[in-house]
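Subject: Structure for you to look at

Hello,

Here is the structure I promised. Please open it first, then read my notes below.

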Amino acid sequence: MTEDLRYVGKSYPVHDVAQKVTGELVYGSDLNFPGMLHAKLLLSPIAHGMVRSVDSSRAEALPGVIRVFSHLNSPADTYCRARIYPGQECAIDETLFSEHVRFVGDRVAAVVATSQAIAEAAVALIEVDYEELPALLTTEQALERADVPIHADGNLLYEHHIESGERVDTSGGVLVSSTTGTPRVHHAALEPHVCVAQGHSTGGLTVWTTSQGVYGVRTVIAELLGLEYHRLRVIKVPMGGSFGGKTEFILEPVTAFLAHETRRAVKLLFDREECIRATMVRPATETTIRTACAADGRLLDFEAATTLDSGGYAASTPDYADHMCEKVTRLYRLPHYDHRCQVVYTNTPVAGAARGWGAPEMITAVEIHLDKVARRLRLDPVDLRLKNLIQPFDIDPVTDMSLGDARVVECLERGAVAFDWTARRARARGKGRYRRGVGVACGAHKNGMFGHFPEASNMALKMNEDGTFELSASLHEVGCGVVTTMKIIVAEVLGVHPDLIAAGEADTSTTPFDYGTFGSRMTYVAGACAEVTAKKLKSAILAAAADVLQAPVEELVAREGVVYVAGAEARSVAFRDIARFGDMKHLPAIRAAVTYYATSNPGSYSVQFAEVEVDCATGLTAVTDFLAVGDVGRAINRGMVKAQFQGAVQMGIGYALYEHVDVDEAGRSGVDGFKNYHMVNAPDMPDIDVLLVEHEGDHGPFGAKSVGEIAMVPTAAAVVNAVNNALGTELSDLPLIPDRIIAALAASAGGGA
Amino acid sequence: MSTTDVVAPATTDELVAALARATPMTRLLAGGTDLVNDIRRPGRQTDLLIDLSHMPALSYVRHDGDMLRVGAMTTFTELQADPLVHEHAFCLERAASQVGSAQIRNVATIGGNVANASPCADGATALVALSAEVTTLDGSGHRATRPLRDVLLGSGRTALTDGEAIVEFAFAALGNEHRSAFAKIGWRTAVSVARLSMALVVRFDPVAEVLSEVRVGLGAVGETAFRDAVLEGLLEGRPADEESARILAEGCADAVRRSIPGRYSLPYKERAAVGLAYDAWNALRICPPCEPAWG
């Protein structure tokens with residue numbers, strides 16, 4: 001199959017690159033409507049308390065202010081920001097405006113005014129009297145203080161327990177225990193959160209959002225506001241990045257409410273500080289792992305206990321916990337696996353969806369732990385992993401599903417050679433101020449939500465009168481090139497260039513139901529849907545061509561927009577002429593609509609290698625070289641797949657070394673912008689080599705598997721393992737900011753210049 | 001809603017006229033890399049914004065007898081590339097080159113850096129070590145000159161009065177027997193404010209082969225950049241050897257302990273100060289002139 005591919009596997013820019021660089025693209029914050037109003041939220045300045053009173057009289061008196069809303073004049077109904085279809089089970093604990101405020105940044109009130117400046121001025125005039133409650137800022141505090149419930153059912157939000165296999169005799173084995181902390185981090189999409197909604201005089205509502213799933217937005221808003229679905233239209237608009245931070249519905253419900261109440265267009269645009277404090281963060285986790293190993297390095301027993309900090313509301317964290325318990329057995333063969341995960345409310349920023357959905361958190365803990373095991377056993381970290389990694393078509397004992405054509409062993413073996421692992425690992429770490437080390441980590445992720453949901457996608461494809469094509473699908477471009485990916489897949493099947501295919505983004509009024517772009521489901525599930533849809537359309541084209549050419553359909557081949565009779569290529573008809581033949585006789589039938597159900601959920605894998613140099617005097621770590629190997633099945637858009645890895649490595653290095661949203665004793669985050677929220681920037685980025693392992697043994701289009709999330713799953717652990725190799729430390733509390741490295745060196749008395 | 005008047009004087013007379021209108025709510029725009037964020041904060045009211053970017057007369061570096069004079073509106077990009085700064089104030093060149101990003105250095109000015117009075121201002125740390133004087137102009141056209149250390153009062157606080165603009169910095173140009181250097185520790189290599197910074201100025205007598213006229217500026221370890229006399233005294237009269245480097249490093253850690261006792265960042269900074277001092281010391285090697293041989 002592969003040698004015949006004309007379009008799949010080559011490199012293409014994202015579909016709207018020209019509009020982006022020329023400034024033509026209209027982002028959410030660029031939207032403007034006649035008479036549009038501007039909203040500004042009053043966010044709680046305290047971490048925990050009850051709103052005793054809200055006096056908005058001075059704000060309402062300000063010229064230009066239309067309305068002020070708080071819990072006093074808005075629905076008290078609760079909703080879940082993470083719900084993606086009606087009736088989905090989830091933790092429903094959030095209201096539009098809070099009487100009981102649960103973190104610094106909780107929504108207390110909103111002003112709707114004729115300008116942004118007036119709305120901002122008016123918010124400052126609202127007087128709120130709070131009765132403060134004890135702020136529970138860590139999961140330990142929250143579990144201890146049962147007398148201070150953050151939500152009615154207590155502070156322990158959710159527990160999950162997974163056990164697979166049977167305990168084996170571990171006597172004589174090596175027991176190792178470790179605890180790894182992963183930080184709360186900001187998604188740091190360049191574009192801040194924004195939503196625009198138009199309340200119609202008819203009572204209907206249109207919402208323009210930078211969401212990752214418009215159908216979920218529709219169900220949450222419709223049920224909260226009591227709207228019939230056909231009167232609520234949700235349109236995806238171009239966005240400047242998400243990384244999961246826009247997966248859940250944060251601004252959409254409140255903006256829709258404000259527009260519906262005022263019957264006007266309303267724009268709600270957050271600034272960076274609001275994005276950091278009051279949207280969502282990657283959850284902070286702490287995982288303790290205990291393993292027993294045979295002397296040769298085979299894992300005999302694996303027990304883990306995870307505590308996940310949900311922040312002030314549940315969002316998607318219970319599901320996150322479930323998924324954290326489904327990562328380890330995707331990666332390693334374990335005779336016995338036991339994992340308990342608890343999710344705890346605290347009075348800190350809301351945690352929820354973030355790239356990798358639990359995998360970076362869990363795999364970081366696992367891979368740091370395995371390096372500790374390797375040190376105890378005096379085994380090379382690569383060798384230890386090779387003894388334990390899963391093999392292609394293993395059955396995952398937790399999900400009882402096949403892991404598919406899982407090529408993580410090949411990733412590790414080829415990567416170790418390409419990185420020159422053995423020689424680099426043997427090289428002296430140095431004894432002076434600057435010390436070098438190398439680290440490796442493996443990672444596993446999934447392909448869609450099969451096994452959890454009825455995983456499916458819908459698409460429709462039609463041929464135009466001139467032989468070009470239009471794909472109707474609920475696509476959400478979040479920066480990973482999904483529109484281009486779908487065009488390439490359709491183009492490959494139809495045998496025409498991707499430029500001859502139009503594909504737009506999601507609009508609940510015009511594109512068919514789809515969950516959205518998340519869960520590593522786009523290429524594997526929606527891409528397969530695109531492939532099946534295009535094949536169905538191609539059959540219709542060939543059937544029409546058979547009529548035109550008066551030849552059996554089995555003898556026809558389509559190439560570059562022309563159908564030929566095999567062996568008699570002078571007999572041919574172009575796609576566009578099929579449309580015209582006999583007064584448009586055939587064109588009305590040349591369309592296809594498909595509902596595609598996923599039937600598998602194989603593993604996607606990545607193995608990554610990092611080299612670091614640590615300055616023992618300042619504690620600053622430089623990542624000096626990096627290799628990312630990916631088992632992606634088949635690269636559809638090769639340049640984009642490599643870029644996914646490169647971007648993920650940037651994010652993963654930040655996760656390992658820099659990024660964290662800590663809160664002070666009052667529950668207030670110490671960071672409020674990119675001035676003090678440090679990400680890795682260009683001068684500190686290493687060269688990143690990307691090596692793709694392509695086997696196409698699964699059900700994705702042309703064998704493709706997911707890449708966007710798996711790409712960052714092992715990154716942080718590879719970096720941390722390299723630092724520990726350089727310093728001879730066992731650091732496992734992320735991020736490894738200079739202060740922590742210096743403290744560790746001082747404690748081991750081996751540091752200093 | 002409050003409104004802001006913006007004036008952009010192009011001549012000294014226009015600047016004086018603008019300064020004469022100043023109130024406590026007046027701000028001077030000298031690049032804007034900090035100011036633009038600041039004036040947009042909720043509750044900030046600015047009645048008059050005096051944009052100094054149309055004052056080419058305030059952008060210069062020139063030799064004046066034994067002094068080097070630097071116009072307040074000289075950008076860090078200009079300082080970084082200036083041959084006089086390279087030759088006579090190497091620590092200022094090094095500090096300028098480590099401010100923010102290239103985009104920030106293209107607009108941020110040395111005058112703005114000092115007037116903003118951030119404790120971690122790289123330019124201020126270098127100027128303190130150079131014992132710079134500040135010349136200001138006010139709304140009556142009066143010029144006043146005073147030592148920089150008298151202008152920097154604390155974090156975000158200066159002795160500048162409403163309607164008083166910094167127009168020039170002046171300091172003794174470093175000669176052939178002088179060397180200077182600057183080092184900084186941030187959160188990352190580039191585009192990071194200093195967590196610790198040091199500017200070092202020494203005279204190295206080629207005959208006696210000892211250090212004299214030692215000046216050490218420290219940044220980000222207190223309310224404002226300052227010179228540490230104790231630290232300076234440790235090196236006075238010493239040879240330029242590894243032992244001096246060690247004394248500077250340990251003295252720097254002591255200076256940090258004296259400056260921020262009990263601060264949560266002290267355990268890190270007192271140790272990192274050692275690395276900072278070595279970085280500054282080692283950077284003296286690359287300071288022009290490269291003869292006589294150093295260390």
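Chain B is assigned two domains: domain 1 (59-172) and domain 2 (178-286). Those bounds come from an automatic or database domain assignment. Before you go on: this is a predicted model, where local features need pLDDT of at least 70 and side-chain atom pairs count only at pLDDT 80 or more, while totals for chains, interfaces and linings use all residues. Residues are numbered from 1 along each chain as its sequence is written, and chains are lettered from A and ligands numbered from 1 in the order in which they are written.

The centres of domain 1 and domain 2 of chain B, taken over C-alpha atoms, are 20 Å apart. Their contact involves 24 residues of domain 1 of chain B and 25 residues of domain 2 of chain B. Two residues are in contact if their C-beta atoms, placed from the backbone, lie within 7 Å. On the domain 1 side, α5 (90-97), α8 (122-129) and β8 (152-154) of chain B each give at least two residues. α8(B) has the largest share, six residues. Helices (H or I, at least four residues) and strands (E, at least two) are DSSP runs, numbered from the N terminus.

Chain B as a whole has twelve helices and 14 strands. Its radius of gyration, taken over C-alpha atoms, is 19 Å, close to the 19 Å from the globule rule for 295 residues, so chain B is as compact as a globular protein of that length. That rule is 2.2 Å times the number of residues to the power 0.38. Of the 295 residues in chain B, 47% are buried. Buried means 20 or more other C-beta atoms within 10 Å of the residue's own, with C-beta atoms placed from the backbone.

Now chain A. Which residues of chain A does chain B touch, and how many? The contact joins 18 residues of chain B to 22 residues of chain A. Helix α12 (residues 266-283) of chain B gives the most to the chain B side, seven residues.

The largest nonpolar core has 340 residues, and A:Val490, A:Val719 and B:Cys91 touch the most other members. Such a core is a set of buried Ala, Val, Leu, Ile, Met, Phe, Trp, Tyr and Cys residues joined through C-beta atoms within 7 Å. Helix α15 (residues 522-549) of chain A gives the most to this core, 14 residues. Beyond four places in sequence, A:Val719 has contacts including A:Gly439, A:Ala656 and A:Leu657.

Best wishes

Notes. A residue is buried if 20 or more other C-beta atoms lie within 10 Å of its own, exposed if 12 or fewer, and partly exposed in between; C-beta atoms are placed from the backbone.
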